[in-house]
Structure formats: C-alpha cells, structure tokens
Amino acid sequence: MNISAILLTAGLSSRMGENKMLLPLPDSTVVQKTLEQLLAAGVSEIVVVTGRESDSVQLRIKNYESGKTRFVYNPDYEKGLTTSIQAGLRAIDHADAVMICLGDMPLLQAEDYHFLMDSFANQSEYSIQVPFYKGQKGNPVIFAQKHFQEILNLTEMNGCSAVVQRNSESVCRIEVSSDHFIQDIDTPEDYQQILKAFE
C-alpha cells in the first residue's frame with residue numbers, strides 16, 4: 001500500500017510564544033527530529049507544509065530533502081489547521097492513503113510511524129485509523145483515499161476531527177503502548193517535558 005505523509009509545520013505557535021518547530025533539541029530542532037524519524041520510517045512521499053517563518057523552517061530541514069520530500073507553502077496558514085492539511089493533500093501524488101503528521105512531535109520514533117502504517121496496510125475493514133494511548137486520542141491519523149475529497153471540502157478549521165466523527169463506523173481505534181503518540185508541544189511546559197525525555 002502506498003501511504004504518503006503530510007508533515008504540518010505551518011502553525012502559529014501562539015501559546016508557545018515562538019515558533020515551536022525551530023526550538024532546539026540536543027543535536028537538532030523539533031522539526032528536524034520529527035522529519036528525520038518520518039524519513040527513517042520508509043514513508044513513500046512526505047509533503048512538508050510550511051507557513052509561519054517558512055524560510056527558516058525550510059532552511060532547518062533542507063539537508064533532509066530527498067526524492068521523497070517536497071515543500072508546500074500554505075498562504076492561508078493563519079486561518080487554521082485545516083488549510084494546511086488541504087494544501088498538503090492537494091500536493092499528494094497517487095496515494096492509497098495519507099498519514100497526517102504534526103511537526104511538533106519529536107518523540108515519535110521511526111518504528112512508531114512504521115507500526116501505524118503496517119497496521120493500516122494489513123487490514124481492509126477500516127478506512128481511518130486513530131491511535132489511542134490509555135484512552136487518549138493521539139496522532140498521526142491515517143485516512144484512505146476515499147476520504148480525500150471530504151477533507152478537501154472541509155470548512156471547519158480544527159483539522160479532520162469532523163471527518164472522523166462523520167465516518168465513525170470506518171474508524172479503527174488502534175491502541176498504542178507509548179505516550180509518544182500524545183506528546184506534542186503547545187506550551188513552554190510541554191517543551192520542557194520533551195527536553196527531559198531527551199536527557
């Protein structure tokens with residue numbers, strides 16, 4: 001199965017106060033670490049959607065460019081998350097499914113992404129897959145091609161949650177054993193927790 005990834009790096013980082021994608025980690029930055037693991041997972045295609053400080057974000061990860069990685073700038077990023085997902089989806093080529101990944105989840109490992117993609121590819125009953133850790137919804141979420149148009153038609157700005165809700169019978173809630181799937185960076189406190197995990 002051909003699963004492409006959309007890596008969202010365009011957000012405002014309003015609660016963080018500075019661009020969380022560019023926050024330093026040991027030997028790299030948040031967005032570098034995230035993309036590095038996604039590439040190592042063997043995703044067939046990665047579309048990196050940029051927005052705030054697009055040039056700086058792209059500069060940080062240009063060393064990771066490969067035949068698999070492309071950049072798309074979302075001029076509407078300030079309107080909300082959905083616009084970035086749609087910009088990424090419009091740039092996807094011939095995928096059977098898409099995995100929507102957040103750029104601020106540097107604790108996720110290549111094997112975490114690989115586990116999700118494998119689980120999705122090895123079943124035919126469900127067309128949406130959502131990871132859950134101890135009852136808490138995580139990321140990334142995978143959508144089969146049949147949902148692409150519905151995502152492109154979304155007017156709600158909070159991502160794809162409406163698509164998941166409307167297609168509840170098609171959703172596989174996959175239990176994961178790591179809290180990495182629920183750890184993103186919204187606040188300075190979140191960032192400190194992430195830094196501790198790298199110690």
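Is Gln 37 buried or exposed? Gln 37 is buried, at a relative accessible area of 12%, where buried means under 20% and exposed over 50% with a 1.4 Å probe on protein chains only.

Before I continue, a note on the model: it is predicted, with local features requiring pLDDT of at least 70 and side-chain atom pairs pLDDT 80 or more, whereas totals for chains, interfaces and linings use all residues. Residues are numbered from 1 along each chain as its sequence is written, and side-chain values use heavy atoms, without hydrogens and water.

Gln 37 belongs to helix H1, residues 30-40; helices here are DSSP runs (H or I) of at least four residues, strands (E) of at least two, numbered from the N terminus. Nine of the eleven residues of H1 are buried, among them Val 30, Leu 35 and Leu 38. Just after H1, Gly 42 adopts a positive phi of about 85 degrees.

Beyond its neighbours within four places in sequence, Gln 37 is in contact with Leu 108, Gln 109, Ala 110 and Tyr 113, contact meaning heavy atoms within 4.5 Å.

That brings us to helix H4, residues 110-121. Ala 110 and Tyr 113 are among the buried residues of H4, as are Asp 112, Leu 116, Met 117 and Phe 120. The buried residues of H4 pack against H1 and against strands E1 (3-8), E6 (97-102), E7 (128-133), E9 (141-144) and E10 (171-175).

Thank you for your attention.

Conventions
The expected span of a helix is 1.5 Å times one less than its number of residues.
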